Amino acid sequence: MTQSRKKLHIKTFGCQMNAYDSERMAEALAPAGYDVTEAMDDADLVILNTCHIREKAAEKVYSELGRVRLNKEARKSQGRGTMVAVAGCVAQAEGEEIIARAPVVDIVVGPQSLHRLADLVAKAETGERSVETEFPADDKFTALPSRAGGKRQVSAFVTVQEGCDKFCTFCVVPYTRGAEYSRPVTDIVAEVERLAAAGVREVTLLGQNVNAYHGDGEDGSAWSLARLLRRLAEIPDIARMRFTTSHPRDMDEDLIALFGDEEKLMPYLHLPYQAGSDRILAAMNRKHTAEEYERLVDRIRAARPDLALSTDIIVGFPGETDEDFQDTLDVAKRVGFAQAFSFKYSARPGTPGASLEGQVPEMVKKERLAILQAQIEESRRTFDRATVGRRIPVLFEGNGRKPGQIAGRSPYLQAVYVDGPERLIGHIAEVDILAAGPNSLTGVMNAGFEWREPIRTAV
Ligand code: 5AD
Ligand code: SF4
């Protein structure tokens, strides 16, 4: 007799680490009889995997819960039950309050307690609501099942580090994700080997402060991120490696050198600078000046001149004047980012920034953000245009938008579309870039290109 399977819908908000956690939750619930569905109205269990980084992100969860409630009522009128869980950083930060404010919710589970999810679901099936937001001593990574790797995936995320000890004064992460923790090297190697065996060609190592990685190495000593990357580069089927997000203070010499001498490490680095004024940087507790950031960029570019730099920037931190904001624009202009994510400062309860004097009016933040975004959009387009005319190795990940087209990524993380055979998906091939559109590049396969199995490494 086959037991009837149930349906699970996960909606993910926020960062890539949440995307990774969502995949792990789906895997953890598969043995409990849940298969993933894209349709919320089809789901017996709805999980919102939430983000708390800015106020807007947290608000979105409550408005989404409104929709979840309507969906639950509609299903109820058809005689079908719906269980609702809130996971992620809003769950961690608000805990009991979610249960109080949103009666539709059955389970609240923080990011460090995901391995408890199957138990909590079993409890909820008996009608018991629960809130699990401890930072338990047992390691969630060892308790979660290892990846099945069933569906074809070319590029995968692997969390190697979680939490943060930096305490930037605007940021909730040290409170929601807790203290810095690094997974042991052997666990990461085993996970990446499994991914490689399942067809993955590119891994992006994730961590809130990934370059502070200091996990137990294969020889028992603490390994740096650079050492971990060198070890992962030995896995033959892994052709490309990336990592995110890094703190300027933790870019050590070894890691900088790796950009120059490890060809599997892609020339792309996400390195937030947050603000260009030293006074604001100090108030943010960033532990670096604008000058130090720029000199660091010079050193990384000396190791890898074609590096694509990406960053995060906040406008309107308390006390930010027009001159301070101008400093932020100036740094962005001098560095020339290939990509940048920019945000209006959002006061997060419990962080030191929230009680600082000189909170900047919303209108001013809005204006500054618009000015900054126009400038960084221009520098992104400039970077993209500079790749036109070049021959670039592209890792193909899937079908394109049009028939006969395949899509992949350049070493600089740009989306590339080209006419080509589907069999190239999962492989690297050279493309002559012909044009840069608003969000992607287009090109043609290198004319002299002849495809042979297997093409694994960049040429
Ligand atoms: N307000 C605005 N932006 C924030 N970030 C983090 N906390 C806040 C906040 N309170 C931004 C930072 C960080 C990115 C992930 O989100 O730029 O690097
Ligand atoms: Fe938040 Fe990043 Fe600062 Fe840590 S280093 S407190 S995660 S902004």
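Colleague: Leaving aside neighbours within four places in sequence, which residues is leucine 205 in contact with?

Modeller: This is a predicted model: local features need pLDDT of at least 70 and side-chain atom pairs count only at pLDDT 80 or more, while totals for chains, interfaces and linings use all residues. Residues are numbered from 1 along each chain as its sequence is written, chains are lettered from A and ligands numbered from 1 in the order written, and side-chain values use heavy atoms, leaving out hydrogens and water. With contact meaning heavy atoms within 4.5 Å, leucine 205 meets Val158, Val160, Val210, Leu225, Leu228, Leu229, Leu232, Arg242, Phe243 and Thr244.

Colleague: Which residues of the largest nonpolar core touch the most other members?

Modeller: A nonpolar core is a set of buried Ala, Val, Leu, Ile, Met, Phe, Trp, Tyr and Cys residues joined through side-chain atoms within 4.5 Å. Buried means under 20% relative accessible area, exposed over 50%, partly exposed in between (1.4 Å probe, protein chains only). The largest core holds 65 residues, and those touching the most other members are Leu205 and Phe243.

Colleague: OK, ligand 1: how much of its exposed area does the protein bury?

Modeller: A polar side-chain atom of aspartate 312 sits 2.6 Å from a ligand oxygen, and a backbone N or O of serine 346 is 2.8 Å from a ligand nitrogen. Taken alone, ligand 1 exposes 400 Å² (Shrake-Rupley, 1.4 Å probe). The share buried by the protein is 87%.

Colleague: How far apart in space are glycine 336 and arginine 380, C-alpha to C-alpha?

Modeller: Glycine 336 counts as partly exposed because its relative accessibility is 30%. Beyond four places in sequence, glycine 336 touches Arg301 and Ser379. Arginine 380 is 44 residues away in sequence, but the C-alpha distance is 8.0 Å.

Technical notes
A polar contact is a pair of N or O atoms within 3.5 Å; within protein, one must be able to donate a hydrogen and the other to accept it, and residues adjacent in sequence count only if both atoms are side-chain atoms.
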